[in-house]
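Have a look at the structure first, then read on.

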Amino acid sequence: MQSVDRAVTILELLARNGETGITEIAGELGVHKSTASRLVSVLEARGLVEQLGERGKYAIGFGIVRLAGAATERMDLPRLGRPFCESLAAELGETVNIAIRDYDVAINISQSRGTASVTTHNWVGQRTPLHATSSGKVLLAHAPPEDQDELLAEPLERYTTRTITEATELRAMFDAIVRDAYATSYEELELGLNAAAVAVHDQDGAVIAALSASGPSYRFSRKRVREVIGAMSVAAKELSAQLGYWDN
């Protein structure tokens, strides 16, 4: 933990000063120059700092820009996604949401209600389980394998009689989600509520959000889901393009 704290201190120092030498960094940290040099070398190897000329001072590297861009992208999603939610909700008549993964849960960051929506529930800001929602399944299906392993190792809560709680069944479902490019949830979170979701990609092709549509099971049936997946995929593709992703 001490090394992490020192590395962050170095980044903060460079961000504040613009450029700084090893001597100044060592003084700021209260360590020997050799220790400061080793820490800087690690950060340099990851592109987080760069040396300005041979044996020169150090400055923030472009790796920080990449990390900052990812954070900015997430903050821009509600703004960029709002028109797509509104348009899709008007087209489908159902409630449309955008959700992102916060490690073990999905968080809804944008919502629009369609003309046929019968619920007034506001999902924005709500934390929902990954295994029992269509958005959560999309996000978990595209999560790093180590995250999947860790999350599926924990007992999964059963919300209804239809909730899937077996890790092996969910893993098989993830393969289908990646292959078919959408996920569904049929009364798995709430009885009488069905949903479908598709992936939203960032400029590097990573799945950073899920675009979902949900409605009462008597209207948003399996047949209806198959009918609307095309429109949902188009909307998600257009939103992904706004984020810099082009699916050639």
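Which residues of helix H6 (residues 145-153) are buried? They are Asp147, Gln148, Leu151 and Leu152. Here, buried means under 20% relative accessible area, exposed means over 50%, and partly exposed is in between, using a 1.4 Å probe and protein chains only. Helices (H or I, at least four residues) and strands (E, at least two) are DSSP runs, numbered from the N terminus.

## A word about the model

This is a predicted model, so to speak of local features a pLDDT of at least 70 is needed, side-chain atom pairs count only at pLDDT 80 or more, and totals for chains, interfaces and linings use all residues. Residues are numbered from 1 along each chain as its sequence is written, and side-chain values use heavy atoms, with hydrogens and water left out.

## H5 meets H7

Two of those partners also touch each other. The axes of H5 and H7 come within 9 Å and cross at roughly 90°; axes are lines fitted to C-alpha atoms, for helices over the stretch in contact, and angles run from 0 to 180 degrees between N-to-C directions. That makes H5 roughly perpendicular to H7, a label for angles of 65 to 115 degrees. On the H5 side you'll find Lys137, Val138, Leu140 and Ala141, which meet Met173, Phe174, Ile177 and Val178 in H7. By class, this contact has seven nonpolar, no polar and one charged residues. Ala, Val, Leu, Ile, Met, Phe, Trp, Tyr, Cys and Pro count as nonpolar, Asp, Glu, Lys and Arg as charged, and the others, Gly among them, as polar.

H5 is also largely enclosed by the rest of the structure, because eight of its eight residues are buried. Among them are Ser134, Gly136 and Leu139.

## H2 meets H3

Here's another helix pair. The axes of helix H2 (residues 22-29) and helix H3 (residues 33-45) come within 8 Å and cross at roughly 105°, so H2 and H3 are roughly perpendicular to each other. H2 brings Ile22, Thr23, Ile25, Ala26 and Leu29 to the contact, while H3 brings Lys33, Ala36, Ser37, Leu39 and Val40. Sorted by class, that gives seven nonpolar, two polar and one charged residues.

## Two residues with a positive phi

Most residues other than glycine have a negative phi. Tyr103 is not a glycine, yet its phi is positive, at about 55°. You can find Tyr103 in the loop between E3 and strand E4 (105-112), and it is partly exposed, with a relative accessible area of 34%.

Ala181 has a positive phi too, of about 70°. Ala181 is in the loop between H7 and strand E6 (183-186), and it is partly exposed at 46% relative accessible area.

## The whole chain

Time to zoom out. The protein chain has eight helices and eight strands, and 46% of its 248 residues count as buried.

Technical notes:
Angles under 35 degrees count as roughly parallel, over 145 as roughly antiparallel, 65 to 115 as roughly perpendicular and the rest as oblique. Contact means heavy atoms within 4.5 Å.
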